[in-house]
Amino acid sequence: IKADGSVYAWGSNVNGQLGIGNDLGNQSAPIQIENISGGSMTPVIDAAVGNNYILLLQSMGVVYAVGNNEYGQLGRDGVDKDSQFTRIDGLSDVVAVAAGNGYSLALTKYGNVYAWGKNNRGQLGIDTTEDVTKPEQIVLSNIRAISAGSEHSMFVRVDGVVYATGN
């Protein structure tokens, strides 16, 4: 992410995770991401890179995802992978995103956390180990920071208390 909010990507593109509209091999040089499905490319303020997928957070609090969707980490059903950034429905007022190994997290300006994707180790913190393909709000509130690991998530509450879930 450059200072003006533009986004560049390079590297492996086997699942279309660079968001350039195809999954035709690797990109050895940075390429600007200019197109997203269902919206315009407004300034990006945060990005999270998971295992073969990417989340982008625009300045207006909207989240877009691209790449591998094996576990629903792109926030939608019926798609194995996507090579164009597409908006994740059901999220607004997001201030931070995190990407793990097949799962995603989003933090809102109100201190709420949403989770979706792979959940075999309980990494989503939603009181089940079933994968989910749509963002679900977790039970914690007043959260100020989120982090996604390979199979675990961590949350920091505004009073400094740290919570963890998963493996």
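**Close-up views of the predicted model**

**View 1. Lining of the largest pocket.** Strand E1 gives the most to the lining of the largest pocket, with 4 residues. The model is predicted, local features need pLDDT of at least 70, side-chain atom pairs count only at pLDDT 80 or more, and totals for chains, interfaces and linings use all residues. Residues are numbered from 1 along each chain as its sequence is written, and side-chain values use heavy atoms, with hydrogens and water left out. The pocket holds about 170 Å³ of space (the volume filled by probe spheres set on grid points joined across faces, edges and corners). A pocket is an open set of points on a 1 Å grid over the protein atoms alone where a 1.4 Å probe fits, with protein on both sides within 12 Å along at least five of seven lines; lining residues have an atom within 4 Å of a point. Two or more lining residues come from each of E1 (7-11), E4 (44-49) and E5 (53-58); strands are DSSP runs of E, at least two residues, numbered from the N terminus.

**View 2. Residue classes in the pocket lining.** The lining includes Tyr8, Trp10, Ile33 and Phe85. It comprises 12 nonpolar, no polar and no charged residues (nonpolar: Ala, Val, Leu, Ile, Met, Phe, Trp, Tyr, Cys and Pro; charged: Asp, Glu, Lys and Arg; polar: the others, Gly among them).

**View 3. Open sheet E8-E9-E10-E11.** The 4 strands are paired antiparallel in this order, pairing requiring at least two DSSP bridges between two strands. E8 (94-99) and E11 (132-137) are the edge strands, each with a single partner, so one side of each lacks a neighbour in the sheet.

**View 4. Pairing of E8 with E9.** Antiparallel strands E8 and E9 (103-108) are joined by 5 bridges. Val97 has Ala106 of E9 as its bridge partner.
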